[in-house]
Amino acid sequence: MTTPTSGPATGDGAPEHPATGRPATGPTRTTGVTPARATRAPRTADRPPRALRAPEANRSNALPAGAWWLWALGLATAASRTTNPLLLGLLVGVAGYVVAARRTDAPWARSYGAFIRIGLFVVGVRLVFSVLLGSPIPGTHPLFTLPEVPLPDWAQGVRIGGRVTAEQLVFSLYDGAKLAALLICVGAANSLANPARLLKSLPGALYEAGVAVVVAMTFAPNMVADVARLRTARRLRGRPTGGVGAVLQIGLPVLEGALERSVAVAASMDARGYGRTAEVPPAVRRTTNALTLGGLLGVCAGTYGLLDAQGAVYGLPLLIAGIVAAAAGLRLGGARSVRTRYRPDRWGARAWLVAGSGVVVAVAMIWAGGVDAEALHPGVVPLTAPVLPLWPAAAVLVGLLPALVAPVPPPVGAGSKTRPSPEEDQ
């Protein structure tokens, strides 16, 4: 004698619901567990838990632009403290990997390739100047000799042409590579940080100057994007995209689009009451200007001291004093600029990890310069092969931390179909 069921049985033995005809939920007669639990795949070893994976970037967890800039400036500071081409190449590789892993499809995210080309151009110009104008570096390995231009007596110490040695070319290559690596690290910040979010994070006292900086930073990437869009449209229409005539035909629509964007931004700023200030006493205004100007000058001088190998003694104290004075001035100056912030950026644990990784790289490279300066600056007289120091190289690898902890950007084209991207949602 069999027990009646509430519906016809399915192929796997689960009875169907009499109203819907779907398999009824609940334990089956053979296993005693639910079908969903019975068919759930076990967690594999190559799939990390959700808590250890970086989340997908959205408008609520996008990193502040200041975190990316602190990370990039830390790498740039480390690049300025060494001429070892192996360490410089490692720094460029770290910056490039993080950009490739965490940049979006925004217009400014495409500027990293331009900074790489600028860096290569800087290295080439440095080598050409060394060949044509000579170098004070003595050398015992002559490569070739150029015709030397005779100069008057008042131009002693300057020569054009002459003998070119391997030592002077290697020294110029190291020097140019250091400047190129610094530019590439700054380009990484331009590719990862949203200029609009950086403007939103500025204090009220610097908001007017920040608008000018943001417009200057975003004009070139937007113009490049417009040129690429117009060239694609001309190519689809069968029109030439090269030559002087094509450039002239593309230039006018690009300038017209830039003018329209500027007018739209000005109109939106005027509609939101931009530029209105509150009344403050003259003494407070003068104190604010003195503190802000003096603090910013101290920050510039202290930063130069940190980037220069000879200014490490006074660089850090001057930088700290400048930051304190500038913060006091900006605090007072913010009282006359009344504005609100829509969805202010919040510095979470991931933002602090990204910024801290750049600081760790900079501090480790500065300390390595005081402990083992020869490893960071390989000699050229006599000419020796550079050696990769292990623990400074390991410290540089800390700069890869943003590629692991920063939110993963959505796939190209997915952000506009599902929800606003972090760059568009301001």
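**Note on a predicted helical model**

1. Helix 3 (residues 85-102) and helix 5 (residues 166-192) pack with their axes 10 Å apart, at an angle of about 15°. The two helices are therefore roughly parallel to each other, since angles under 35 degrees count that way. Their crossing is left-handed. Note that this is a predicted model.

2. Look next at who makes that contact. Helix 3 brings Pro 85, Leu 88, Val 92, Ala 95, Val 98, Val 99 and Arg 102. Helix 5 brings Tyr 174, Ala 177, Lys 178, Ala 181, Ile 184, Ala 188, Ser 191 and Leu 192. By type, the residues of the contact between helix 3 and helix 5 split into 12 nonpolar, 1 polar and 2 charged.

3. Now the whole protein. It holds 15 helices and 2 strands. There are 426 residues, and buried ones make up 34% of them. Take the contacts with a separation of 6 or more: 76% of them are between residues 24 or more positions apart.

4. Helix 5 also meets helix 2. The axes of helix 2 and helix 5 cross at roughly 175° and come within 8 Å. That makes helix 2 roughly antiparallel to helix 5, because the angle is over 145 degrees. On the helix 2 side the contact is made by Trp 68, Trp 69, Trp 71, Ala 72, Leu 75, Ala 76, Ala 79 and Ser 80. On the helix 5 side, the residues include Lys 178, Ala 181, Leu 182, Cys 185 and Val 186. The residues of this contact divide into 14 nonpolar, 2 polar and 1 charged. Lys 178, Ala 181, Ala 188 and Leu 192 of helix 5 take part in the contact with helix 3, and they take part in the contact with helix 2 as well.

5. Helix 2 has another partner, helix 11. Their axes come within 8 Å and cross at roughly 15°. Helix 2 and helix 11 are therefore roughly parallel to each other. The crossing is left-handed. From helix 2, the residues in the contact are Ala 67, Trp 68, Leu 70, Trp 71, Gly 74, Leu 75, Thr 77 and Ala 78. They meet residues of helix 11, among them Ala 351, Val 354, Ala 355, Gly 358 and Met 365. This contact between helix 2 and helix 11 has 13 nonpolar residues, 4 polar and no charged.

6. Which residues have the most contacts inside the largest nonpolar core? They are Trp 68, Trp 71, Leu 75, Leu 91 and Val 354, in a core of 37 residues. The elements giving two or more residues to this core are helix 2 (65-80), helix 3, helix 5, helix 11 (349-371), helix 13 (390-396) and helix 14 (402-405). Helix 2 gives the largest share, 10 residues.

7. Leaving aside residues up to four places away in sequence, Val 354 touches Leu 63, Ala 67, Trp 68, Trp 71, Pro 402, Val 405 and Ala 406.

8. Helix 4 (residues 112-133) contains Val 128. Is Val 128 buried, partly exposed or exposed? Its relative accessibility is 44%, so Val 128 counts as partly exposed. Val 128 and Leu 169 are 41 residues apart in sequence, and their C-alpha atoms are 9.3 Å apart in space.

9. Arg 117 is also placed in helix 4. Arg 117 has a relative accessible area of 58% and is exposed, because the cut-off for exposed is over 50%. Arg 117 and Ala 180 lie 63 residues apart in sequence, with 9.3 Å between their C-alpha atoms.

10. Gly 134 sits in the loop between helix 4 and strand 1 (142-149). At 18% relative accessibility, Gly 134 counts as buried, since buried means under 20%. Gly 134 touches Phe 129, Arg 159 and Gln 168, not counting residues up to four places away in sequence. The C-alpha atoms of Gly 134 and Arg 163 are 7.8 Å apart, while the two residues are 29 apart along the chain.

11. Last, a peptide bond to check. Most peptide bonds are trans. The bond joining Val 381 and Pro 382 is cis, with omega about -5°. Pro 382 is in the loop between helix 12 (373-376) and helix 13.

Terms used. Residues numbered from 1 in each chain as written. Predicted model: local features only at pLDDT ≥ 70, side-chain atom pairs only at ≥ 80, totals over all residues. Heavy atoms only, no water. Axes fitted to C-alpha atoms, helices over the stretch in contact; angles between N-to-C directions. Helix = DSSP H or I, 4+ residues; strand = E, 2+ residues; numbered from the N terminus. Parallel < 35°, antiparallel > 145°, perpendicular 65-115°, else oblique. Left-handed = near helix turned anticlockwise from the far one by under 90°. Contact = heavy atoms within 4.5 Å. Nonpolar A, V, L, I, M, F, W, Y, C, P; charged D, E, K, R; others polar. Core = buried A, V, L, I, M, F, W, Y, C linked by side-chain atoms within 4.5 Å. Buried < 20%, exposed > 50% of the residue type's maximum accessible area, 1.4 Å probe, protein only.
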